[in-house]
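This briefing is meant for a reader who is meeting the structure for the first time. Please look through the sequence and the model before turning to the notes below.

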Amino acid sequence: MSTQFKCPFSKLSVVLISAIFFFLLTISGQAERGDELIQKVQSDVLISHVTALQDNVTFFPRHFTYRTRNAHHRGATDSVINYIMTQFKRSARLRVSEQNIGGIRNVIAILPPKPSSSSKSIFIICAHYDTQAVREPSWNPLASSAPGANKNGTGVAVMLEIANILSPYEYDHELRFIALGGEELGFLGSRNYVRKAIRNTNPDTDSLQSKRTPNSEKIIAVFNLDMLGFNWKSDLVEVISNRNSTWISRALAISNTWYNIGLKVRRTHDEFIDISSHKTFWDSGYSAVTLIESSTPWRDSQNYDANPFYHTFGDTVDKINFRLVAKVTQLVLATVDSLLTDMFQPKRQMPQVTLDLPDIVKQNPLQITGTYVTDYPIDIVVHPSGVEAKLDREKQTYTATIPLSPGKNTLMVVARYPLGAASVKQSVVLEEGFIWKDVIVSPNPVRFNNQTEFRVEGNLEITEMKVNIYDVRGSLIKRIEGVDDRLDKRIWRTWWNQQTSYGLAVSGGIYICHISVTVKGETYTIVKKLAIMR
(Lines give C-alpha, C1' and ligand atoms only; values in the text may rest on other atoms or scores of the structure.)
Protein backbone atom coordinates (compact mmCIF):
# COMPACT_ATOMS: atom_id res chain seq x y z
CA MET A 1 0.00 0.00 0.00
CA SER A 2 1.44 3.34 -1.01
CA THR A 3 1.04 6.63 0.85
CA GLN A 4 0.57 9.86 -1.06
CA PHE A 5 1.82 13.15 0.54
CA LYS A 6 -0.41 16.19 0.04
CA CYS A 7 0.99 19.74 0.38
CA PRO A 8 -1.09 21.72 2.89
CA PHE A 9 -0.65 24.92 0.81
CA SER A 10 -2.38 25.64 -2.49
CA LYS A 11 -0.57 27.38 -5.32
CA LEU A 12 -2.45 30.57 -4.47
CA SER A 13 -1.25 30.37 -0.86
CA VAL A 14 2.34 29.98 -1.99
CA VAL A 15 2.00 33.03 -4.23
CA LEU A 16 0.49 35.09 -1.39
CA ILE A 17 3.18 34.02 1.10
CA SER A 18 5.88 34.87 -1.44
CA ALA A 19 4.33 38.28 -2.06
CA ILE A 20 4.10 39.04 1.66
CA PHE A 21 7.71 37.94 2.17
CA PHE A 22 8.85 40.15 -0.71
CA PHE A 23 6.88 43.10 0.68
CA LEU A 24 8.41 42.71 4.14
CA LEU A 25 11.86 42.36 2.60
CA THR A 26 11.29 45.52 0.56
CA ILE A 27 10.14 47.48 3.61
CA SER A 28 13.11 46.26 5.60
CA GLY A 29 15.42 47.26 2.75
CA GLN A 30 13.91 50.74 2.64
CA ALA A 31 14.26 51.13 6.39
CA GLU A 32 17.92 50.15 6.28
CA ARG A 33 18.90 51.91 3.05
CA GLY A 34 19.49 55.24 4.77
CA ASP A 35 22.16 53.59 6.92
CA GLU A 36 23.80 52.16 3.81
CA LEU A 37 23.69 55.49 1.97
CA ILE A 38 25.40 57.53 4.68
CA GLN A 39 28.26 55.01 4.70
CA LYS A 40 28.93 55.90 1.06
CA VAL A 41 29.82 59.51 1.85
CA GLN A 42 33.58 59.97 1.45
CA SER A 43 35.43 62.93 2.95
CA ASP A 44 38.23 62.48 0.38
CA VAL A 45 35.77 63.08 -2.44
CA LEU A 46 34.42 66.21 -0.73
CA ILE A 47 37.96 67.54 -0.23
CA SER A 48 38.74 66.84 -3.89
CA HIS A 49 35.65 68.74 -5.08
CA VAL A 50 36.29 71.77 -2.86
CA THR A 51 39.96 71.91 -3.87
CA ALA A 52 39.06 71.73 -7.56
CA LEU A 53 36.42 74.45 -7.15
CA GLN A 54 38.82 76.64 -5.16
CA ASP A 55 41.61 76.44 -7.77
CA ASN A 56 39.25 76.37 -10.79
CA VAL A 57 41.88 75.14 -13.23
CA THR A 58 41.34 75.05 -16.97
CA PHE A 59 43.46 72.96 -19.35
CA PHE A 60 42.19 74.20 -22.73
CA PRO A 61 43.28 76.10 -24.72
CA ARG A 62 46.03 76.48 -22.09
CA HIS A 63 46.63 75.48 -18.51
CA PHE A 64 45.49 78.27 -16.19
CA THR A 65 44.44 78.53 -12.52
CA TYR A 66 41.71 81.15 -12.06
CA ARG A 67 41.35 80.92 -8.26
CA THR A 68 37.97 82.62 -8.60
CA ARG A 69 34.46 81.78 -9.77
CA ASN A 70 33.10 85.30 -9.94
CA ALA A 71 30.09 85.69 -12.22
CA HIS A 72 31.67 88.73 -13.97
CA HIS A 73 34.71 86.67 -14.98
CA ARG A 74 33.76 84.83 -18.18
CA GLY A 75 36.80 82.58 -18.35
CA ALA A 76 36.48 81.50 -14.72
CA THR A 77 32.74 80.86 -15.18
CA ASP A 78 33.39 78.76 -18.30
CA SER A 79 35.91 76.70 -16.34
CA VAL A 80 33.72 76.00 -13.32
CA ILE A 81 30.69 75.24 -15.50
CA ASN A 82 32.78 72.68 -17.36
CA TYR A 83 33.86 71.06 -14.08
CA ILE A 84 30.33 70.83 -12.67
CA MET A 85 28.86 69.46 -15.90
CA THR A 86 31.65 66.89 -16.14
CA GLN A 87 30.94 65.70 -12.58
CA PHE A 88 27.20 65.41 -13.24
CA LYS A 89 27.80 63.52 -16.48
CA ARG A 90 29.69 60.80 -14.64
CA SER A 91 26.24 59.28 -14.14
CA ALA A 92 24.51 58.20 -17.33
CA ARG A 93 21.13 58.48 -15.59
CA LEU A 94 21.40 62.23 -14.96
CA ARG A 95 20.07 64.46 -17.74
CA VAL A 96 22.40 67.46 -17.69
CA SER A 97 21.63 70.85 -19.24
CA GLU A 98 22.54 74.51 -18.89
CA GLN A 99 20.24 77.48 -18.37
CA ASN A 100 21.85 80.73 -19.57
CA ILE A 101 19.90 83.94 -19.14
CA GLY A 102 21.77 87.19 -19.61
CA GLY A 103 25.11 85.50 -18.93
CA ILE A 104 23.95 84.05 -15.60
CA ARG A 105 24.43 80.32 -16.01
CA ASN A 106 22.76 77.51 -14.06
CA VAL A 107 23.68 73.85 -14.49
CA ILE A 108 20.73 71.48 -14.03
CA ALA A 109 21.03 67.72 -13.60
CA ILE A 110 17.75 65.79 -13.55
CA LEU A 111 17.30 62.32 -12.09
CA PRO A 112 14.03 61.32 -13.79
CA PRO A 113 11.30 59.38 -11.99
CA LYS A 114 10.59 55.71 -12.66
CA PRO A 115 9.20 55.12 -16.16
CA SER A 116 6.00 53.77 -14.60
CA SER A 117 5.47 56.84 -12.41
CA SER A 118 2.88 59.50 -13.24
CA SER A 119 4.08 61.88 -10.52
CA LYS A 120 4.82 65.49 -11.46
CA SER A 121 6.43 66.26 -8.09
CA ILE A 122 9.95 67.73 -8.10
CA PHE A 123 12.52 67.78 -5.31
CA ILE A 124 15.54 70.08 -5.62
CA ILE A 125 19.01 70.15 -4.09
CA CYS A 126 20.83 73.33 -5.07
CA ALA A 127 23.96 75.34 -4.30
CA HIS A 128 25.49 78.46 -5.81
CA TYR A 129 28.97 78.16 -7.30
CA ASP A 130 29.92 81.83 -7.86
CA THR A 131 32.26 83.67 -5.46
CA GLN A 132 33.38 87.13 -4.44
CA ALA A 133 35.84 88.67 -1.96
CA VAL A 134 34.07 91.95 -1.20
CA ARG A 135 35.40 92.05 2.37
CA GLU A 136 38.86 92.71 0.92
CA PRO A 137 39.42 96.45 0.20
CA SER A 138 41.64 95.69 -2.80
CA TRP A 139 39.43 93.06 -4.42
CA ASN A 140 38.79 93.38 -8.16
CA PRO A 141 36.21 90.93 -9.61
CA LEU A 142 38.15 90.55 -12.88
CA ALA A 143 41.72 90.59 -11.57
CA SER A 144 41.67 89.35 -7.96
CA SER A 145 41.17 85.90 -6.48
CA ALA A 146 38.02 84.79 -4.68
CA PRO A 147 38.70 81.13 -3.87
CA GLY A 148 35.37 80.58 -2.09
CA ALA A 149 36.36 77.17 -0.73
CA ASN A 150 33.78 77.36 2.03
CA LYS A 151 31.39 79.86 0.43
CA ASN A 152 30.29 78.06 -1.49
CA GLY A 153 32.62 75.30 -2.55
CA THR A 154 31.33 73.20 0.34
CA GLY A 155 27.70 73.51 -0.78
CA VAL A 156 28.53 72.55 -4.37
CA ALA A 157 30.71 69.63 -3.21
CA VAL A 158 27.89 68.27 -1.03
CA MET A 159 25.45 68.55 -3.93
CA LEU A 160 27.83 66.75 -6.34
CA GLU A 161 28.47 63.94 -3.86
CA ILE A 162 24.76 63.40 -3.21
CA ALA A 163 24.05 63.41 -6.97
CA ASN A 164 26.69 60.74 -7.51
CA ILE A 165 25.38 58.54 -4.68
CA LEU A 166 21.65 58.81 -5.48
CA SER A 167 21.83 58.68 -9.28
CA PRO A 168 21.74 54.83 -9.45
CA TYR A 169 18.41 54.73 -7.59
CA GLU A 170 14.90 55.04 -9.00
CA TYR A 171 12.17 57.05 -7.32
CA ASP A 172 8.56 57.82 -8.07
CA HIS A 173 9.36 61.55 -8.14
CA GLU A 174 11.86 63.69 -10.01
CA LEU A 175 15.03 64.86 -8.24
CA ARG A 176 16.95 67.85 -9.58
CA PHE A 177 20.42 69.09 -8.75
CA ILE A 178 21.02 72.75 -9.63
CA ALA A 179 24.33 74.62 -9.54
CA LEU A 180 23.20 78.25 -9.36
CA GLY A 181 25.12 81.16 -10.83
CA GLY A 182 24.95 84.82 -9.83
CA GLU A 183 23.90 84.24 -6.23
CA GLU A 184 26.34 86.89 -5.07
CA LEU A 185 24.73 89.36 -7.51
CA GLY A 186 21.32 89.29 -5.86
CA PHE A 187 20.31 85.62 -6.28
CA LEU A 188 20.12 86.02 -10.06
CA GLY A 189 20.58 82.31 -10.76
CA SER A 190 17.72 81.22 -8.53
CA ARG A 191 15.55 84.11 -9.75
CA ASN A 192 16.03 83.02 -13.35
CA TYR A 193 15.28 79.41 -12.49
CA VAL A 194 12.13 80.20 -10.49
CA ARG A 195 10.81 82.56 -13.17
CA LYS A 196 10.96 79.70 -15.67
CA ALA A 197 9.49 77.24 -13.15
CA ILE A 198 6.42 79.40 -12.56
CA ARG A 199 5.99 80.23 -16.28
CA ASN A 200 6.43 83.93 -15.59
CA THR A 201 5.52 85.88 -18.74
CA ASN A 202 7.28 89.04 -17.56
CA PRO A 203 10.97 88.16 -17.09
CA ASP A 204 11.89 91.81 -16.50
CA THR A 205 10.06 92.10 -13.18
CA ASP A 206 11.89 91.47 -9.91
CA SER A 207 8.76 90.45 -8.04
CA LEU A 208 8.07 86.73 -7.95
CA GLN A 209 5.21 86.71 -5.46
CA SER A 210 1.82 85.39 -6.54
CA LYS A 211 3.14 84.44 -9.98
CA ARG A 212 2.48 80.70 -9.88
CA THR A 213 -0.03 79.37 -12.36
CA PRO A 214 -1.69 75.97 -12.78
CA ASN A 215 1.10 75.14 -15.24
CA SER A 216 3.87 75.96 -12.78
CA GLU A 217 6.31 73.23 -11.84
CA LYS A 218 5.19 71.20 -8.83
CA ILE A 219 8.26 71.80 -6.66
CA ILE A 220 7.68 70.02 -3.36
CA ALA A 221 10.88 70.76 -1.44
CA VAL A 222 14.12 72.67 -2.01
CA PHE A 223 17.32 71.97 -0.06
CA ASN A 224 19.66 74.93 -0.59
CA LEU A 225 23.26 74.36 0.55
CA ASP A 226 25.34 77.43 1.32
CA MET A 227 28.58 77.73 3.33
CA LEU A 228 28.77 74.64 5.50
CA GLY A 229 32.29 74.03 6.77
CA PHE A 230 33.82 76.72 8.98
CA ASN A 231 33.24 75.51 12.52
CA TRP A 232 35.92 73.84 14.61
CA LYS A 233 33.96 74.44 17.81
CA SER A 234 31.03 72.10 17.17
CA ASP A 235 29.32 70.11 14.42
CA LEU A 236 26.59 72.70 13.98
CA VAL A 237 24.32 73.21 11.00
CA GLU A 238 21.60 75.84 10.98
CA VAL A 239 18.43 75.15 9.01
CA ILE A 240 16.52 78.24 7.92
CA SER A 241 12.81 77.76 7.22
CA ASN A 242 9.56 79.68 6.94
CA ARG A 243 6.01 78.62 7.75
CA ASN A 244 5.61 76.54 4.58
CA SER A 245 8.91 74.72 4.99
CA THR A 246 9.04 73.82 8.69
CA TRP A 247 8.20 70.24 7.73
CA ILE A 248 11.50 70.03 5.78
CA SER A 249 13.38 71.40 8.77
CA ARG A 250 11.65 68.82 10.96
CA ALA A 251 12.55 66.04 8.51
CA LEU A 252 16.24 66.98 8.77
CA ALA A 253 16.15 67.06 12.57
CA ILE A 254 14.42 63.65 12.70
CA SER A 255 16.95 62.10 10.30
CA ASN A 256 19.84 63.46 12.37
CA THR A 257 18.56 61.60 15.44
CA TRP A 258 17.28 58.49 13.64
CA TYR A 259 20.56 57.82 11.84
CA ASN A 260 22.71 59.03 14.74
CA ILE A 261 24.58 61.44 12.46
CA GLY A 262 25.72 63.57 15.39
CA LEU A 263 25.05 67.09 14.16
CA LYS A 264 23.80 69.94 16.28
CA VAL A 265 20.78 70.99 14.20
CA ARG A 266 19.73 74.56 14.93
CA ARG A 267 16.28 75.13 13.46
CA THR A 268 15.62 78.81 12.70
CA HIS A 269 12.08 79.75 11.71
CA ASP A 270 12.13 83.29 10.30
CA GLU A 271 10.12 84.56 7.34
CA PHE A 272 12.49 87.48 6.75
CA ILE A 273 15.95 85.87 6.53
CA ASP A 274 17.12 86.57 2.98
CA ILE A 275 20.81 85.67 3.06
CA SER A 276 20.60 82.90 0.46
CA SER A 277 18.68 81.50 -2.51
CA HIS A 278 15.88 79.95 -0.43
CA LYS A 279 14.25 83.40 -0.36
CA THR A 280 13.58 83.33 -4.10
CA PHE A 281 11.63 80.08 -3.74
CA TRP A 282 9.77 81.42 -0.69
CA ASP A 283 8.64 84.47 -2.65
CA SER A 284 6.89 82.17 -5.12
CA GLY A 285 5.26 80.03 -2.45
CA TYR A 286 7.58 77.05 -2.72
CA SER A 287 8.84 75.18 0.35
CA ALA A 288 12.59 75.67 0.74
CA VAL A 289 15.24 75.55 3.44
CA THR A 290 18.85 76.68 3.54
CA LEU A 291 21.47 74.66 5.40
CA ILE A 292 24.32 76.90 6.55
CA GLU A 293 27.00 76.96 9.25
CA SER A 294 25.35 80.07 10.73
CA SER A 295 22.74 82.53 9.50
CA THR A 296 24.95 85.27 11.00
CA PRO A 297 28.48 84.10 10.14
CA TRP A 298 29.93 87.53 10.91
CA ARG A 299 29.31 87.18 14.65
CA ASP A 300 29.67 84.66 17.46
CA SER A 301 26.66 82.61 18.51
CA GLN A 302 26.02 79.50 20.55
CA ASN A 303 28.39 76.71 19.42
CA TYR A 304 29.80 78.98 16.70
CA ASP A 305 32.68 81.47 16.46
CA ALA A 306 32.48 84.18 13.81
CA ASN A 307 33.97 83.27 10.42
CA PRO A 308 36.64 85.86 9.47
CA PHE A 309 37.37 84.27 6.08
CA TYR A 310 34.16 84.25 4.05
CA HIS A 311 34.16 86.73 1.13
CA THR A 312 37.94 87.18 1.57
CA PHE A 313 41.13 85.94 -0.07
CA GLY A 314 41.55 83.59 2.91
CA ASP A 315 38.49 81.41 2.23
CA THR A 316 40.61 78.37 1.37
CA VAL A 317 40.32 74.63 1.75
CA ASP A 318 42.64 74.45 4.76
CA LYS A 319 40.09 76.37 6.88
CA ILE A 320 37.32 73.81 6.41
CA ASN A 321 36.18 71.18 8.90
CA PHE A 322 35.43 68.31 6.50
CA ARG A 323 34.07 66.12 9.28
CA LEU A 324 31.27 68.66 9.56
CA VAL A 325 30.81 68.84 5.79
CA ALA A 326 30.59 65.04 5.58
CA LYS A 327 27.93 64.94 8.30
CA VAL A 328 25.83 67.57 6.52
CA THR A 329 26.15 65.49 3.34
CA GLN A 330 24.90 62.42 5.21
CA LEU A 331 22.01 64.39 6.69
CA VAL A 332 20.70 65.74 3.39
CA LEU A 333 21.35 62.44 1.59
CA ALA A 334 19.39 60.33 4.09
CA THR A 335 16.58 62.87 4.41
CA VAL A 336 16.00 63.29 0.68
CA ASP A 337 16.09 59.52 0.10
CA SER A 338 13.56 58.97 2.90
CA LEU A 339 11.20 61.66 1.60
CA LEU A 340 11.34 60.31 -1.96
CA THR A 341 11.00 56.69 -0.87
CA ASP A 342 8.42 56.86 1.89
CA MET A 343 6.91 60.21 2.78
CA PHE A 344 5.13 60.91 -0.47
CA GLN A 345 3.87 57.41 -1.13
CA PRO A 346 0.05 57.26 -1.24
CA LYS A 347 0.10 53.88 0.55
CA ARG A 348 2.36 55.11 3.34
CA GLN A 349 1.56 53.50 6.69
CA MET A 350 1.19 55.65 9.80
CA PRO A 351 3.68 54.90 12.60
CA GLN A 352 2.25 52.76 15.41
CA VAL A 353 3.25 53.51 19.01
CA THR A 354 2.31 51.86 22.32
CA LEU A 355 2.60 52.86 25.98
CA ASP A 356 2.14 50.46 28.88
CA LEU A 357 1.83 52.02 32.34
CA PRO A 358 0.64 50.67 35.71
CA ASP A 359 -2.34 52.43 37.27
CA ILE A 360 -0.36 53.65 40.29
CA VAL A 361 3.36 54.35 40.71
CA LYS A 362 5.42 55.58 43.64
CA GLN A 363 8.70 56.50 41.93
CA ASN A 364 9.37 59.97 40.52
CA PRO A 365 10.73 60.59 37.94
CA LEU A 366 9.28 57.57 36.15
CA GLN A 367 11.03 55.59 33.43
CA ILE A 368 8.53 54.62 30.75
CA THR A 369 8.96 52.16 27.90
CA GLY A 370 6.98 51.29 24.82
CA THR A 371 7.16 49.99 21.27
CA TYR A 372 6.84 51.53 17.85
CA VAL A 373 6.44 50.25 14.31
CA THR A 374 7.50 52.43 11.39
CA ASP A 375 8.96 52.10 7.91
CA TYR A 376 10.62 55.53 7.93
CA PRO A 377 12.44 57.85 10.36
CA ILE A 378 10.50 59.26 13.31
CA ASP A 379 11.22 60.75 16.68
CA ILE A 380 9.17 60.25 19.84
CA VAL A 381 8.37 62.99 22.35
CA VAL A 382 6.49 62.55 25.64
CA HIS A 383 4.17 65.36 26.74
CA PRO A 384 3.50 67.39 28.84
CA SER A 385 7.17 67.34 29.86
CA GLY A 386 8.44 67.49 26.26
CA VAL A 387 11.08 64.82 26.91
CA GLU A 388 12.51 63.23 23.77
CA ALA A 389 12.61 59.44 24.02
CA LYS A 390 15.63 57.30 23.25
CA LEU A 391 14.94 54.88 20.41
CA ASP A 392 16.29 51.36 19.97
CA ARG A 393 15.87 50.86 16.22
CA GLU A 394 16.86 47.20 16.31
CA LYS A 395 14.20 46.25 18.87
CA GLN A 396 11.80 49.05 17.87
CA THR A 397 11.39 50.15 21.47
CA TYR A 398 11.75 53.50 23.21
CA THR A 399 12.54 54.67 26.75
CA ALA A 400 12.17 58.01 28.49
CA THR A 401 12.47 59.32 32.04
CA ILE A 402 9.49 61.53 32.85
CA PRO A 403 8.91 63.87 35.81
CA LEU A 404 5.48 63.42 37.42
CA SER A 405 3.28 65.53 39.69
CA PRO A 406 1.55 64.08 42.77
CA GLY A 407 -1.83 62.64 41.83
CA LYS A 408 -3.13 61.92 38.34
CA ASN A 409 -0.83 62.44 35.35
CA THR A 410 -1.92 62.07 31.72
CA LEU A 411 1.01 61.22 29.46
CA MET A 412 0.85 61.51 25.68
CA VAL A 413 3.50 59.78 23.57
CA VAL A 414 3.81 61.38 20.14
CA ALA A 415 5.61 59.69 17.24
CA ARG A 416 6.49 62.54 14.86
CA TYR A 417 7.36 62.26 11.20
CA PRO A 418 7.88 65.17 8.75
CA LEU A 419 4.28 65.36 7.56
CA GLY A 420 2.40 64.60 10.78
CA ALA A 421 2.27 62.59 13.99
CA ALA A 422 0.67 59.61 15.69
CA SER A 423 0.03 59.52 19.41
CA VAL A 424 -1.21 57.45 22.33
CA LYS A 425 -2.43 58.66 25.75
CA GLN A 426 -2.50 56.99 29.14
CA SER A 427 -2.96 58.16 32.74
CA VAL A 428 -1.00 57.17 35.81
CA VAL A 429 -1.43 58.16 39.46
CA LEU A 430 1.67 59.11 41.43
CA GLU A 431 1.43 58.16 45.08
CA GLU A 432 4.70 59.75 46.01
CA GLY A 433 6.68 58.26 48.86
CA PHE A 434 7.91 60.52 51.67
CA ILE A 435 11.27 62.25 51.16
CA TRP A 436 13.20 64.17 53.80
CA LYS A 437 13.81 67.52 52.10
CA ASP A 438 15.51 69.13 55.11
CA VAL A 439 16.42 68.15 58.67
CA ILE A 440 17.96 70.78 60.97
CA VAL A 441 19.35 70.35 64.50
CA SER A 442 20.63 73.76 65.56
CA PRO A 443 22.75 74.93 67.16
CA ASN A 444 24.95 71.85 67.13
CA PRO A 445 27.15 71.72 69.15
CA VAL A 446 25.09 73.62 71.71
CA ARG A 447 26.29 75.28 74.91
CA PHE A 448 24.68 74.60 78.29
CA ASN A 449 21.43 76.51 79.01
CA ASN A 450 20.78 77.19 75.28
CA GLN A 451 17.83 75.60 73.52
CA THR A 452 18.21 73.26 70.53
CA GLU A 453 15.72 73.53 67.64
CA PHE A 454 14.67 70.45 65.67
CA ARG A 455 13.18 71.39 62.29
CA VAL A 456 12.06 68.99 59.52
CA GLU A 457 10.63 69.51 56.05
CA GLY A 458 9.22 66.82 53.75
CA ASN A 459 7.80 66.66 50.27
CA LEU A 460 4.37 65.66 51.64
CA GLU A 461 2.17 66.94 54.47
CA ILE A 462 3.21 65.70 57.93
CA THR A 463 0.57 64.85 60.54
CA GLU A 464 2.82 64.20 63.56
CA MET A 465 6.41 64.74 64.73
CA LYS A 466 8.27 63.21 67.68
CA VAL A 467 11.85 63.46 68.90
CA ASN A 468 13.31 60.79 71.26
CA ILE A 469 16.68 61.67 72.79
CA TYR A 470 19.04 58.94 74.03
CA ASP A 471 22.43 59.01 75.72
CA VAL A 472 25.34 57.03 74.29
CA ARG A 473 24.38 53.99 76.43
CA GLY A 474 20.95 53.88 74.77
CA SER A 475 18.94 55.15 77.74
CA LEU A 476 15.93 57.30 76.86
CA ILE A 477 16.47 60.83 78.17
CA LYS A 478 13.53 62.81 76.76
CA ARG A 479 10.43 62.51 74.55
CA ILE A 480 9.34 65.70 72.73
CA GLU A 481 6.25 66.39 70.57
CA GLY A 482 6.52 68.66 67.51
CA VAL A 483 4.21 71.37 66.18
CA ASP A 484 3.35 72.13 62.59
CA ASP A 485 4.01 75.30 60.65
CA ARG A 486 0.68 77.12 60.30
CA LEU A 487 1.38 78.06 56.66
CA ASP A 488 2.97 74.83 55.43
CA LYS A 489 2.04 71.43 56.89
CA ARG A 490 5.15 69.89 55.36
CA ILE A 491 7.27 71.75 57.95
CA TRP A 492 7.34 70.83 61.69
CA ARG A 493 9.44 72.04 64.65
CA THR A 494 10.19 71.36 68.27
CA TRP A 495 12.76 72.47 70.90
CA TRP A 496 14.77 70.93 73.73
CA ASN A 497 16.09 72.77 76.80
CA GLN A 498 18.71 70.11 77.72
CA GLN A 499 16.67 68.66 80.56
CA THR A 500 15.48 65.14 81.24
CA SER A 501 11.85 64.11 81.55
CA TYR A 502 12.19 64.82 85.30
CA GLY A 503 13.46 68.38 84.83
CA LEU A 504 17.11 67.61 85.58
CA ALA A 505 19.89 69.16 83.50
CA VAL A 506 21.83 66.66 81.42
CA SER A 507 25.60 66.47 81.47
CA GLY A 508 27.83 67.44 78.56
CA GLY A 509 28.47 64.84 75.83
CA ILE A 510 27.03 63.25 72.71
CA TYR A 511 23.31 62.47 72.49
CA ILE A 512 21.43 60.46 69.85
CA CYS A 513 18.26 62.06 68.48
CA HIS A 514 15.60 59.88 66.81
CA ILE A 515 13.40 62.24 64.79
CA SER A 516 10.15 60.62 63.60
CA VAL A 517 7.30 61.92 61.45
CA THR A 518 3.98 60.41 60.44
CA VAL A 519 2.85 60.80 56.82
CA LYS A 520 -0.34 59.17 55.50
CA GLY A 521 -0.34 56.78 58.46
CA GLU A 522 3.27 55.64 57.96
CA THR A 523 6.18 56.54 60.23
CA TYR A 524 9.60 57.66 58.95
CA THR A 525 12.60 58.06 61.26
CA ILE A 526 15.97 59.72 60.83
CA VAL A 527 18.83 59.75 63.37
CA LYS A 528 21.01 62.76 64.19
CA LYS A 529 23.77 63.35 66.74
CA LEU A 530 23.79 66.34 69.13
CA ALA A 531 26.83 67.56 71.08
CA ILE A 532 26.25 69.42 74.38
CA MET A 533 29.12 71.51 75.74
CA ARG A 534 29.54 72.46 79.41
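In which loop does Pro445 lie? Pro445 is found in the loop between strand S20 (436–442) and strand S21 (446–447), where helices (H or I, at least four residues) and strands (E, at least two) are DSSP runs numbered from the N terminus. This is a predicted model, in which local features need pLDDT of at least 70 and side-chain atom pairs count only at pLDDT 80 or more, while totals for chains, interfaces and linings use all residues. Residues are numbered from 1 along each chain as its sequence is written, and side-chain values use heavy atoms, with hydrogens and water left out.

**The chain as a whole**

- The protein chain contains eight helices and 28 strands, and its C-alpha atoms fill a box of roughly 115 × 100 × 45 Å along the principal axes.
- The radius of gyration of the protein chain is 34 Å, whereas a compact globule of 534 residues would have one near 24 Å; the value is taken over C-alpha atoms, and the globule rule is 2.2 Å times the number of residues to the power 0.38.
- Of the 534 residues in the protein chain, 51% are buried, where buried means under 20% relative accessible area, exposed means over 50%, and partly exposed lies in between (1.4 Å probe, protein chains only).
- Among the contacts (heavy atoms within 4.5 Å) in the protein chain with a separation of 6 or more, 70% are between residues 24 or more positions apart.

- Helix H2 (residues 43–55) has 13 residues and reaches 18 Å from its first C-alpha to its last, close to the 18 Å expected at 1.5 Å a residue; the expected span is 1.5 Å times one less than the number of residues.
- The buried residues of H2 include Leu46, His49, Val50 and Leu53, and the elements that cover the buried residues of H2 include helix H3 (74–88), helix H4 (149–166) and helix H8 (322–343).
- An α-helix has 3.6 residues a turn, so residues three or four places apart point the same way.
- Helix H6 (residues 246–258) also has 13 residues, and its end C-alpha atoms are 18 Å apart, in agreement with the 18 Å that it should span at 1.5 Å a residue.
- H6 is mostly covered, since 10 of its 13 residues are buried, including Trp247, Ile248, Leu252 and Trp258.

**Loops and backbone details**

- Pro365 has its place in the loop between strand S12 (360–361) and strand S13 (366–373).
- Arg67, in the loop between S2 and H3, has a positive phi of about 60° although it is not a glycine, and counts as partly exposed because its relative accessibility is 29%.
- Lys520, in the loop between strand S27 (509–519) and strand S28 (522–533), has a positive phi near 50°, and counts as exposed because its relative accessibility is 64%.
- Ser144, in the loop between strand S5 (121–128) and H4, is buried because its relative accessible area is 16%.
- Leaving aside residues up to four places away in sequence, Ser144 touches Thr68, Ser138, Trp139 and Phe313.
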